[in-house]
Amino acid sequence: MSKQVVILAAGMGTRLARPLPKPLTELRDGRSIMKQQFDNIDAAFGETSRVMIVVGFKLEAIIERFPEATFVYNEFYDQTNTSKSLLKALRASGDGGVLWLNGDVVFDPQVLVRVTPMMDANQSFVVVNTAKVSDEEVKYTLDAAGQIAQLSKQVLGGLGEAVGINYVAAQDKAALIKRLAEVDDTDYFERGIEVAIEQDGLKFQAVDISDLYAVEVDFAEDLDRANASLK
């Protein structure tokens, strides 16, 4: 069965202050962030993957570089946040679960290898690490069963960081779509997950990758860390 992968790449990336969409930022090995993601997807899933990219800001630059993907356009990319980009992607997806990535995450190829068994078992999950995180990062807590309880930048006493790689299983997708439609336009998609957990009883497993690297590139110092992580 093919694996559906969504890359969220509609935003303007103003904090990094680059002329092109942030996923096209060049890494020290000459690849863009998004090319590193594609290489990781290919390494883990091979020809079984189908990649959909949500585009907005300077969409032509991304489309030209990745013609093998399919594309969904968030025409309100300058007014909405990732909740609405993910909503568009999930509505456009086929049957089955969906793995999605923030378009600015540089990560170890082994991350997708590690999560493949959970995808095959149709288990929703959020990839996390236990690093000390700043107020800017999405933090998480767990319930007594080890499932995600809270997931936002506002979490107090967070156990670590959600790194921007997530999966919604087939049986959970309709509920998540409903909640993403309900949350505010300016909410991150994590709010949709939180509400689906609270209101619909969805179970998102936390997958700890603290022994691997995953860097979400928001600022120049993040790019430095990402480059330092590359082998």
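The lining of the largest pocket draws at least two residues from each of β1 (3–9), α3 (82–92), β9 (161–168) and α6 (189–200); helices (H or I, at least four residues) and strands (E, at least two) are DSSP runs, numbered from the N terminus. The model is a predicted one, in which local features need pLDDT of at least 70 and side-chain atom pairs count only at pLDDT 80 or more, while totals for chains, interfaces and linings use all residues. Residues are numbered from 1 along each chain as its sequence is written, and side-chain values use heavy atoms, with hydrogens and water left out.

Among these elements, β9 gives the most to the lining, with three residues. A pocket is an open set of points on a 1 Å grid over the protein atoms alone, where a 1.4 Å probe fits, with protein on both sides within 12 Å along at least five of seven lines; lining residues have an atom within 4 Å of a point. The volume of the largest pocket is about 740 Å³, taken as the space filled by probe spheres set on the points, which are joined across faces, edges and corners. The lining has 34 residues, and those closest to the pocket centre are Gly11, Arg15, Asn81, Thr82 and Tyr188.

The largest nonpolar core has 35 residues, and Ile53, Leu99, Phe125, Val127 and Ile165 have the most contacts inside it. Such a core is a set of buried Ala, Val, Leu, Ile, Met, Phe, Trp, Tyr and Cys residues joined through side-chain atoms within 4.5 Å; buried means under 20% relative accessible area, exposed over 50%, and partly exposed in between (1.4 Å probe, protein chains only). Helix α4 (residues 110–120) gives the most to this core, with five residues. The buried residues of α4 are Val111, Leu112, Val115, Thr116, Met118 and Met119. After α4 comes Asn122, with a positive phi near 60°.

Beyond its neighbours within four places in sequence, Ile165 has contacts (heavy atoms within 4.5 Å) with residues including Leu99, Val111, Leu112 and Val127.

Strands β7 (residues 139–142) and β8 (residues 148–152) run antiparallel and are joined by four bridges; two strands pair if DSSP finds at least two bridges between them. Lys139 has Ser152 of β8 as its bridge partner. The two strands form a hairpin with five residues between them, and Gly146 in the turn has a positive phi of about 85°.

Gly201 sits in the loop between α6 and β10 (205–208). Is Gly201 buried, partly exposed or exposed? Gly201 is partly exposed because its relative accessible area is 42%.
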